[in-house]
Amino acid sequence: MSLTIKRTDFPEGFLFGAATSSYQIEGHAFGGAGSTHWDTFAATPGNVARAENGARAVDHYHRYPEDIALMKDAGFDMYRFSTSWARVMPEGRGAVNAEGLDFYDRLTDAVLEAGLKPCATLYHWELPSALADLGGWTNRDIAHWLGDFAEVIMGRIGDRMHSVAPINEPWCVAWLSHFHGLHAPGLRDIRAAARAMHHVNFAHGTAIERLRAMGIKNLGCVFNAEYALPANESESSKRAAARYDAIFNRFFISGVFKGEYPELVLEGLEPHLPKGWQDDFATITAPLDWCGLNYYTRKLLRETDAPWPSYAEVPGPLPKTSIGWEIFPEGLHHFLKMFNDEYSKGLPIFVTENGTAGFDPIENGRVQDDHRISYIDKHLHQAALALSEGVPLQGYFLWSLLDNYEWAEGYDQRFGLIHVDYESLQRTPKASYEALKAALAA
């Protein structure tokens, strides 16, 4: 199976890349890295499949030359990776781990030597445990702690970055982790969620200001979005979908680009937001150079009698990935248009993550993941459609380069273009890797 879309269907200069995150691939048990709240969350029974963690992950820490060579061979233009706060500053503040800085120095040079553009995300969910002990994202001081980390890590590698974003997927950092409790730190508390949501935005703006003052160029943000539809035509289901859309898709981007929060979110969260939250928008709205979109799926919503936000997801009829997410490529087109029309308004946009999970068994030395080829193909067509309609889309990152530690799913769900044997750590490019390689070379 091959892709029906190729590089030449996009404008000259359009960039293709693969994305990863530090805790999911590097291996956190070596190189002087400190403990993170994901280590302790995973060690708590019931939180993660088989209590698996990122101690070894897929050992990108030692095997990054091989992984970068695979990216180069595929014909990618850029590599989006994240930096581990606890690897660089094991206690989150104060002392710096020289081994951690040296690792990201070597990684950056290797990416450049391969002819790839390094695109860094400062924070992809691995909060140092010492900062979690101080309240983590519920503590306003985290904005300044993240700013300090930004200065340390980008003081070392920032001169070579193609782009930098402070935080990956703020909804996951705050709401999924502090209201639903499904990711670290595993809280289910509306006050904690409200404060984490605001502090994530404040920390984003603080880091942008610090980076801008250092002279770091091409600064952006990375939002995740899910297309929300009412489960039926009832007014109550329409209200539920609008509320879900406001919390998931509009709270963070509205804060960053408009300096305000949606009324549909404030109706539930305003009593729990920190005192003086309105005064932080001057920092939250720090000017950006680009906007990133992570998109995977859609959700159908109905209203419930439960307390606010009073909605529940309803299983949809569309084909689903192995993780249970509906495949709805049209949602990517919707959000590219929405971001540009309503929020970023002409800024360059990148699809910073898009991809699909599978169980992807290796048979006779090969992984025939036609489901992933189909998924990528359909979403790239939607990206090309948005481009043809005037959306300033400049690049697309596939999630993920490698099979890896998939958070609460442990090592069950495989998102990679490259199969990893979790015992031997052998890398085997999947059929989707070969299909994308052919499309990029066309």
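His60, Tyr61, Tyr64 and Ile68 in helix H3 touch Glu99, Phe103, Arg106, Leu107, Ala110 and Val111 in helix H5, where contact means heavy atoms within 4.5 Å. This is a predicted model, so to speak of local features takes pLDDT of at least 70 and side-chain atom pairs count only at pLDDT 80 or more, while totals for chains, interfaces and linings use all residues. Residues are numbered from 1 along each chain as its sequence is written, and side-chain values use heavy atoms, with hydrogens and water left out.

Seven nonpolar, one polar and two charged residues make up this contact of H3 with H5. Here Ala, Val, Leu, Ile, Met, Phe, Trp, Tyr, Cys and Pro count as nonpolar, Asp, Glu, Lys and Arg as charged, and the others, Gly among them, as polar. H3 covers residues 60-74 and H5 residues 98-113, and the two pack at an angle of about 5° with their axes 10 Å apart. That makes H3 roughly parallel to H5 (angles under 35 degrees). The axes are lines fitted to C-alpha atoms, for helices over the stretch in contact, and angles run from 0 to 180 degrees between N-to-C directions. Helices (H or I, at least four residues) and strands (E, at least two) are DSSP runs, numbered from the N terminus.

Glu113 also sits in H5. Its relative accessible area is 66%, so Glu113 is exposed (over 50%, with a 1.4 Å probe and protein chains only). The C-alpha atoms of Glu113 and Ile68 are 9.6 Å apart, though 45 residues separate the two along the chain.

Now for the inside. A search of the whole structure turns up five cavities of 30 Å³ or more. A cavity is a set of points, on a 1 Å grid over the protein atoms alone, where a 1.4 Å probe fits but cannot get out; lining residues have an atom within 4 Å of a point. Grid points are joined across faces, edges and corners, and a volume is the space filled by probe spheres set on the points.

The largest cavity has a volume of about 100 Å³. It is lined by 13 residues, and Cys119, Ser163, Trp290, Thr352 and Phe397 are the closest to its centre. Strands E2 (78-82), E3 (117-123), E4 (163-167) and E8 (349-353) each supply at least two lining residues, with E3 giving the most, three. Seven of the lining residues are nonpolar, five polar and one charged.

The second largest cavity holds about 70 Å³ of space. Its lining includes Ile167, Pro170, His204 and Phe223, and has seven nonpolar, two polar and no charged residues.

Note on methods. 1 Å grid on protein atoms, 1.4 Å probe; cavity = no way out; pocket = protein on both sides within 12 Å on 5 of 7 lines; lining within 4 Å. Parallel < 35°, antiparallel > 145°, perpendicular 65-115°, else oblique. Buried < 20%, exposed > 50% of the residue type's maximum accessible area, 1.4 Å probe, protein only.
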